[in-house]
Amino acid sequence: MNGERMPSITVAMIANNEERNVARSLASAAWADEMVFVDCGSSDGTAAAAKCFNVRYFSRPNSRQVYVNKQFAVDQASCDWVLILDADEEIPGALRDAIRRAVSAPGGAAAFSMPRRNFYFGRWLRRGGKYPDTQLRLFARGKARFLPLPVHERLEVDGPVAALAEPLLHYPYAGD
């Protein structure tokens, strides 16, 4: 890279009562330069599980408006790029590598979307509108903000958005 610095990446996560998921999710993000973890009023072992990882830990009341919690996490990020990761998601190695390549590409996009594979009862749902379940989750710090929407939070991006081909993994139900 001719002595150029590799762009740094923050993985930002919020969680509320996600003790059963958080270790898998944070372990999949341990490659990041920084992990910001915001516990939003958990009453289970979420906080203790998160503190087993090298995270910048924050605690705050849980807002029912999820965009408030997620924007708080984004605002704590100090790296060049931010990847939003939910506590019931996992970053496979192929996606990690695709992210590193994407943020290192000169003149690239301001943000990236990616497909998400949803697993139900141990099986990946490929049909029924559950795939590719495109998610906009990766963006250059300062180039995106969560819109103030009461449900289905969404990022507004200042600049071009490109798509990654590698999927994010999602385990929304217990036992997956």
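This is a predicted model: local features need pLDDT of at least 70, side-chain atom pairs count only at pLDDT 80 or more; totals for chains, interfaces and linings use all residues.
Which order do the strands of the open sheet of 4 strands have?

Residues are numbered from 1 along each chain as its sequence is written, and side-chain values use heavy atoms, with hydrogens and water left out.

The open sheet has the order β5-β13-β7-β8, and its pairing is mixed. Helices (H or I, at least four residues) and strands (E, at least two) are DSSP runs, numbered from the N terminus. Two strands pair if DSSP finds at least two bridges between them. At the edges of this sheet stand β5 and β8, the latter spanning 123-124, and each of them pairs on one side only. Strand β7, residues 116-120, is joined to β8 by 2 bridges, and the two run antiparallel. Within that pairing, Y120 has R123 of β8 as its bridge partner. As a general point, strands of a sheet pair through backbone hydrogen bonds, either parallel or antiparallel.

A parallel case is found in β1 and β2, which pair over 6 bridges. There, T10 stands opposite E34 in β2. Strand β2 is mostly covered, with 7 of its 7 residues buried; buried means under 20% relative accessible area, exposed over 50%, and partly exposed in between, with a 1.4 Å probe and protein chains only. The cover extends to both faces: E34, V36, V38 and C40 are buried on one side, and M35, F37 and D39 on the other.

Next, helix α1. Its buried residues are N21, V22, S25, L26 and S28. They lie on the same side of α1, because they cover an arc of only 150° around the axis, the arc being that of the directions from the helix axis to the C-beta atoms.

Leaving aside residues up to four places away in sequence, S28 touches L85, E89, E90 and I91, where contact means heavy atoms within 4.5 Å. The S28 side chain reaches the backbone oxygen of S25 at 2.7 Å. A polar atom of that side chain also lies 2.9 Å from the backbone nitrogen of I91.

A nonpolar core is a set of buried Ala, Val, Leu, Ile, Met, Phe, Trp, Tyr and Cys residues joined through side-chain atoms within 4.5 Å. The largest has 30 residues, of which I91, I99 and L138 touch the most other members. Elements giving two or more residues to this core include β1 (9-15), α1 (19-28), β2 (34-40) and α4 (93-104). Apart from this core lies another, of 17 residues, among them A12, C40, Y67 and V82.

Which residues does S42 touch, not counting those up to four places away in sequence? They are A15, N16 and N17. S42 is placed in the loop between β2 and α2, and its relative accessibility is 19%, so S42 counts as buried. The S42 side chain reaches the backbone nitrogen of N17 at 2.7 Å, and it makes a polar contact with the side chain of D39 at 2.5 Å. A polar contact is a pair of N or O atoms within 3.5 Å; within protein, one must be able to donate a hydrogen and the other to accept it, and residues adjacent in sequence count only if both atoms are side-chain atoms.

The side chain of K70 makes a polar contact with the side chain of E153, at 2.8 Å. Beyond four places in sequence, K70 touches I14, I84, D86, F146 and E153.

I close with the cysteines. The structure holds 0 disulfides, a disulfide being a pair of cysteine sulfur atoms within 2.5 Å. For C40, the nearest cysteine sulfur is that of C52, 19 Å away. C40 counts as buried, because its relative accessibility is 1%, whereas C52 counts as exposed, at 66%.
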